Amino acid sequence: MANTGKNGTRLRAWLHTIDPLTKGIWLLSTGLAVMMTMSLAGQAAWFGSVLLLGWTGGDWSSRQWKLLAIWLLSFGIPLIVFQWLVLPGETPILASLTGKLLTEEALRDSVSLTLRSMTLMASSIVYATTTEPRDVVAALTGRLRVPDRIAYAAAIALRFVPLLLAEAEQMRHAQRLRRMAPARGIGERLRSARQLLLAVTQTALRHVHVVSTSMEAKRFGQGGQRTQWRKLPIPPLGIGLAAVSIGTAATSLYWL
Amino acid sequence: MRQAGKSFIQSITITEWVLMALLAASNSVLSSLISPLSKLLTAWGGPILTSTITGVYMVYGLLAMYIIRKPGAALFTYAIGALLQIMIGVAYGAWSAIAAAACYAVIVEPIFYLYRYKKFSWVTMLLVGTLMVPLWFVVAAFMFGYTKYAPVILLITLIVRCISGMLLCGALTKWLGDQLAGTRYVRPFAIGRDARSKQA
């Protein structure tokens with residue numbers, strides 16, 4: 001759904017233009033509604049609404065959709081089967097073949113619970129892919145008055161995730177090269193995982209001194225009120241989305 | 001009240017805030033590394049198999065408390081972790097990130113307050129790792145619909161989670177903390193000062 005304007009410039013899909021706060025209200029309302037609803041129709045409707053929002057406003061490429069579909073199916077189908085086997089029920093299906101093992105009620109509950117998990121996952125992905133992390137930090141400090149230290153700590157953490165991930169991959173690769181063969185057996189795998197965990201933690205700690213020294217040099221947290229260069233307007237579309245989300249969630253909690 | 005909250009936040013130094021942020025970041029890295037395994041366990045073994053690795057997700061806040069040894073260390077680390085997970089996307093939904101962080105912090109902070117941030121023995125760490133599990137388990141049972149399962153499955157799941165919390169959170173945090181205690185990386189923190197005073 002990559003949109004282009006008249007002069008060929010790329011237009012951002014509508015979810016990208018909404019601020020993180022009102023979108024956050026949508027995320028939390030959706031989550032609350034699916035967690036409080038047990039009806040299969042309700043779960044299916046919420047899952048459909050999240051996919052619709054992602055499709056119309058997410059600006060996802062076909063590759064991203066494919067990845068999401070693979071991820072959801074590889075997770076959802078085995079989970080439906082597993083829960084169908086273990087959840088209790090009364091009305092057997094194919095009683096002559098399976099006895100009371102597979103029941104209608106268990107199937108309905110299993111699909112419903114799996115849809116719940118998939119909605120939670122998909123809504124979180126929609127939020128994360130359509131929201132600029134720096135906007136979240138600006139919203140936290142500017143609108144919600146969250147203390148600077150907490151908001152900027154989250155920003156630092158976010159900045160370091162790809163860096164630490166790349167370093168962890170490098171360490172894993174180095175471990176493999178050193179052994180000249182992949183780890184075999186539970187003992188060797190556990191030893192390898194333990195070494196990796198220690199190495200990742202040590203790498204994170206090594207960065208602590210560099211970052212904190214530079215922050216202290218810039219007198220972070222020493223002065224008065226921080227000023228914000230980045231202003232975060234809340235568009236009417238965002239207010240509409242938040243209002244519709246709360247209204248739909250409340251209706252869903254009442255009716256479904 | 002507001003003033004008390006402010007000084008509570010300001011009692012933690014910049015270096016400690018950065019440490020908490022980096023521990024939250026490393027938790028995200030480890031979570032993403034084990035994410036395929038976690039999803040596989042959930043899909044093929046429901047709550048029981050998923051519970052075997054639950055302890056790993058709890059390490060970062062407890063490790064922050066083990067290193068910093070100040071009120072709020074675990075609370076803020078879990079809060080930063082939850083915020084980070086929401087920003088980058090979390091497989092179990094935003095509510096689970098918020099609720100898990102709150103449930104863990106509600107258990108860890110009072111226990112170490114009672115110990116006056118001085119007792120970090122093996123027994124304490126194993127106990128804390130185990131006690132962190134039940135509250136989040138009850139909340140998660142309602143959130144993900146585990147309440148539909150037979151009571152025996154729920155009981156087995158709780159036992160598996162407690163063992164995972166004890167070993168993969170309590171014991172692993174203690175082991176990691178002790179490995180780091182003598183290194184230069186933790187010199188400015190309480191754990192480093194303790195290690196130096198024991199050596200002297």
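**Salt bridges and the interface of chains B and A**

Across the interface of chain B and chain A, one salt bridge is found, a salt bridge being a side-chain nitrogen of Lys or Arg within 4 Å of a carboxyl oxygen of Asp or Glu. The structure is a predicted model, in which local features need pLDDT of at least 70 and side-chain atom pairs count only at pLDDT 80 or more, whereas totals for chains, interfaces and linings use all residues. Residues are numbered from 1 along each chain as its sequence is written, chains are lettered from A in the order in which they are written, and side-chain values use heavy atoms, with hydrogens and water left out.

On the side of chain B that touches chain A, α2(B) gives the most, with 24 residues, helices being DSSP runs of H or I with at least four residues, numbered from the N terminus. In total, 61 residues of chain B are in contact with 61 residues of chain A, where contact means heavy atoms within 4.5 Å.

Over all chains, the count comes to seven salt bridges. In chain B, the side chains of E16(B) and K70(B) form one of them, at 2.9 Å from N to O. E16(B) lies in helix α2 (residues 14–51) and K70(B) in the loop between α3 (59–68) and α4 (73–88) of chain B, so the pair ties together parts that are 54 residues apart in sequence. E16(B) is buried at 3% relative accessibility, where buried means under 20% relative accessible area, exposed over 50%, and partly exposed in between (1.4 Å probe, protein chains only).

R69(B) forms a salt bridge with D194(B), their closest N and O atoms being 2.8 Å apart. This pair links distant parts of the chain, with R69(B) in the loop between α3 and α4 and D194(B) in helix α8 (residues 190–199) of chain B, 125 residues apart. R69(B) is buried at 15% relative accessibility, whereas D194(B) is partly exposed at 33%.

Definitions and conventions
Helices (H or I, at least four residues) and strands (E, at least two) are DSSP runs, numbered from the N terminus.
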